[in-house]
Protein chains: 2
Amino acid sequence: MRLSRAFLPTLKETPAEAQIASHRLMLRAGMVRQTSAGIYAWLPLGWRVLQKVEQIVREEQDAAGAQEILMPTIQTADLWRASGRYDAYGPEMLRLKDRHDREMLFGPTNEEMVTDIFRTYAKSYRDLPRNLYHIQWKFRDEVRPRFGVMRGREFLMKDAYSFDLDYAGAQKSYRQMFVAYLRTFALMGLKAIPMQADTGPIGGNLSHEFLILAETGESQVYLHKDLLDFDVLSKPVDYEGDLSATVDFWTSRYAATDEKHDAAAWAQVPVGSQVSARGIEIGHIFYFGTKYSATMGLSVSGPDGKPVVPEMGSYGIGVSRLVGAIIEANHDEAGIKWPDSIAPFKVAVLNLKPGDAAADALSERVYAAFDPDAVYDDRPDRAGAKFADADLLGYPWQAIIGPRGAANGMVELKRRATGERVELSAEDAIARIKGA
Amino acid sequence: MRLSRAFLPTLKETPAEAQIASHRLMLRAGMVRQTSAGIYAWLPLGWRVLQKVEQIVREEQDAAGAQEILMPTIQTADLWRASGRYDAYGPEMLRLKDRHDREMLFGPTNEEMVTDIFRTYAKSYRDLPRNLYHIQWKFRDEVRPRFGVMRGREFLMKDAYSFDLDYAGAQKSYRQMFVAYLRTFALMGLKAIPMQADTGPIGGNLSHEFLILAETGESQVYLHKDLLDFDVLSKPVDYEGDLSATVDFWTSRYAATDEKHDAAAWAQVPVGSQVSARGIEIGHIFYFGTKYSATMGLSVSGPDGKPVVPEMGSYGIGVSRLVGAIIEANHDEAGIKWPDSIAPFKVAVLNLKPGDAAADALSERVYAAFDPDAVYDDRPDRAGAKFADADLLGYPWQAIIGPRGAANGMVELKRRATGERVELSAEDAIARIKGA
């Protein structure tokens, strides 16, 4: 994308309302614009990142055997009356009436709807197990939305729902999602730690939150250092195999949020392994047995012909929130430092003197090697502004091309994450970026 | 995807409420399920098709120079008061109040919001031209939703908005979208005809609807046969070049809906070239000048430093409606016949005798050659049910593998579009499908 034609607007001033780094940087980098309290439009740079995050989530859900669907945003109140949650949900639910005065709502989650869909089709034990997920915009009418996309009202969530014949099957589904979550977050360069959690309005008796550590986290967390040191991606995973050992590794070491913190158990962790920090929740998984299947009349015929009420779980990832969380974990004073896997563009080509024949030719050459995964700063602006924008927007690589270097075919390559700079021939610079 | 584990539920009975072929077939094929009047959940098969349609739309928008963003579904009433459309829009607008009693709405379109976003950032003529689009769920509270996804209430629309410095620029943007629409629909195997249209509530004085011909179309259309015979994809397009000749070809030949039909002009078309048929609208483009930029205070400084009010247009494609329209144009008594470019899966491998060693081995081999773009019918059902499902779901290719053929390494290959069947070695069958 040529910046002279792109809609990648950056702001010079830090907006006053932004209290945390990710919110500040997303506004300054022109990733999002608030259209009303807690509701954001995603501008081209932000939208590219959101799509990359979404795609990593999708691919790991598919790998784990979940199947993608898309449920609508608007639901009927009757569906929620059937589960008893319509009155219980409170003012965070955005309620509305259609032109025929029917009570509807903008879905904050989809346990009821997916159970209703599944019961229409599932008739026999042969139709189990299944895990259905979707990635859809949700609405929760927070009384005080804040922290940008970290606590918005309209937000993008991946929610999966598993249906199993019995408890053992449901535990297997739970472990599949547990491991899929570890891998999903690791693929984004995040160290997410599963912690036992309260189940809240979803219900059930087994639940883990996944949190990353960040100074601006909303919860205090306590964990064993081993969990931070473990490399989730070092081995491939067989989702159909036995995942107990992996789950046991994580659940046998201490990790808890404030809510669940147990001073006696914490005292057993060697002092040198105790890590206490702030954490941001990015995922939450629940096993809740037959809570929804029983109340909503989902039943299949078992292998012996008798009716069986399936066991269920649900599994959420805050996809739009993740964009903020990733920035909280990857930034410095100058701006964002995108992990390679979710960078909006891999390379920014900074032409320091558009109009200079050598600089133009070399810039076009490097740009062509990476287009459409590159931006080309061909604007007639001063070099300092280009450096500042590239650092702010956080492209993993900057290929800096000035008239003097260009005359000798040389490019200055900057790695955003480390600040490392090196002067290379165009050919070597391209090879270095491609090798990374 | 192995059908023994997939959530691809088909219905044997034709649902009584479905009046047109696409609605009937989408329900029977388990592509969608109605969750309330005019609101649908997309099940795995339907969701795959919808994503393919969306991706073709996206790629051609990008090729034509438009830049993707994502605006939220919920908008403030104030934004619509600024343009004067809040009171004018009528009961099709889904209005609601949040917990603080602020008036909001579920967006039926985005002229106001995109103008508001753009005016925040665009300051100078150098920020023009730009074309911003998004693909987002919209809501129009139809009084009588019907025909399945063809006339739903919550529907997926691609809407693009162009901003130009002057009339000539706006006409160039209009032509870019005009040509992009022709190509987008052709890439889905559709013959879409642009026709002069009324501008309705969007406003402005230049507008074209794009329609495909289908018996169940909602409008009567009249057109010159040349337009049906023209091959849109025969030449590559240069979106930055002069597109006038292409647009002139289409606009100089007669094509009109009932509303705009002109008997005198129609009489000038040679009788042998007159085509009169029913049509389904799948896209609509508008030039409306400064209607929104002027009322909403969008202004940039021109090359001479004086303020300029940008000229705008908007360009819509009914993405979810297209899925229905494509089925209307591609089906027979037995079911859907997907064009290759948007088929949910390219191949269905029908194992007529799961458990037979030769049939299993050969089925796995063919399946592995196309996974994940194939389904494998490994269910313990009778052959007739598998044939019927594969025809209904409309995969372009069926690889039919029975124990007798498998013993000799032979596959019966069926092309759904033509019904043609041929017996081939597995190797040749795989090559034939790959070559297509």
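Residues are numbered from 1 along each chain as its sequence is written, while chains are lettered from A and ligands numbered from 1 in the order in which they are written. In this predicted model local features need pLDDT of at least 70, side-chain atom pairs count only at pLDDT 80 or more, and totals for chains, interfaces and linings use all residues, with side-chain values resting on heavy atoms and leaving out hydrogens and water.

Q: How do you know that the copies meet through the same surface?
A: Contact means heavy atoms within 4.5 Å, and 63 residues of chain A are in contact with 63 residues of chain B. Because 100% of the interface residues of chain A are also interface residues in chain B, the copies meet through the same surface.

Q: What makes up the area buried between chain A and chain B?
A: Buried area is the accessible area (1.4 Å probe) that two parts lose on being put together, summed over both. The value for chain A and chain B is about 5200 Å², with carbon and sulfur atoms giving 58% of it. A:Phe7, A:Arg99 and A:Tyr121 supply 15% of the area that chain A buries against chain B, more than any other three residues.

Q: Why is the meeting of A:Arg33 and B:Asp116 called a salt bridge?
A: The term requires a side-chain nitrogen of Lys or Arg within 4 Å of a carboxyl oxygen of Asp or Glu. Across the interface of chain A and chain B the rule finds 6 salt bridges. Helix H5 (residues 111-121) of chain A gives the largest share of the side of chain A that touches chain B, with 6 residues; helices (H or I, at least four residues) and strands (E, at least two) are DSSP runs, numbered from the N terminus.

Q: What makes S20 and S23 of chain B edge strands?
A: Two strands pair if DSSP finds at least two bridges between them. The open sheet of 5 strands in chain B has the order S20-S19-S21-S22-S23, with mixed pairing, and strands S20 (374-377) and S23 (421-425) each pair on one side only. The twist averages 25 degrees from one strand to the next, where axes are lines fitted to C-alpha atoms, for helices over the stretch in contact, and angles run from 0 to 180 degrees between N-to-C directions.

Q: What makes up the open sheet of 3 strands in chain A?
A: The order is S4-S6-S5, with antiparallel pairing, and the edge strands are S4 (74-76) and S5 (94-97) of chain A. S4(A) is joined to strand S6 (residues 103-106) of chain A by 3 bridges, and A:Leu105 in S6(A) is the bridge partner of A:Gln75.

Q: What is noted about the backbone at A:Pro372 and at A:Asp101?
A: The peptide bond from A:Asp371 to A:Pro372 is cis, with omega near 10 degrees, and A:Pro372 lies in the loop between helix H12 (357-370) and strand S20 (374-377) of chain A. A:Asp101, in the loop between S5 and S6 of chain A, has a positive phi of about 65 degrees although it is not a glycine.
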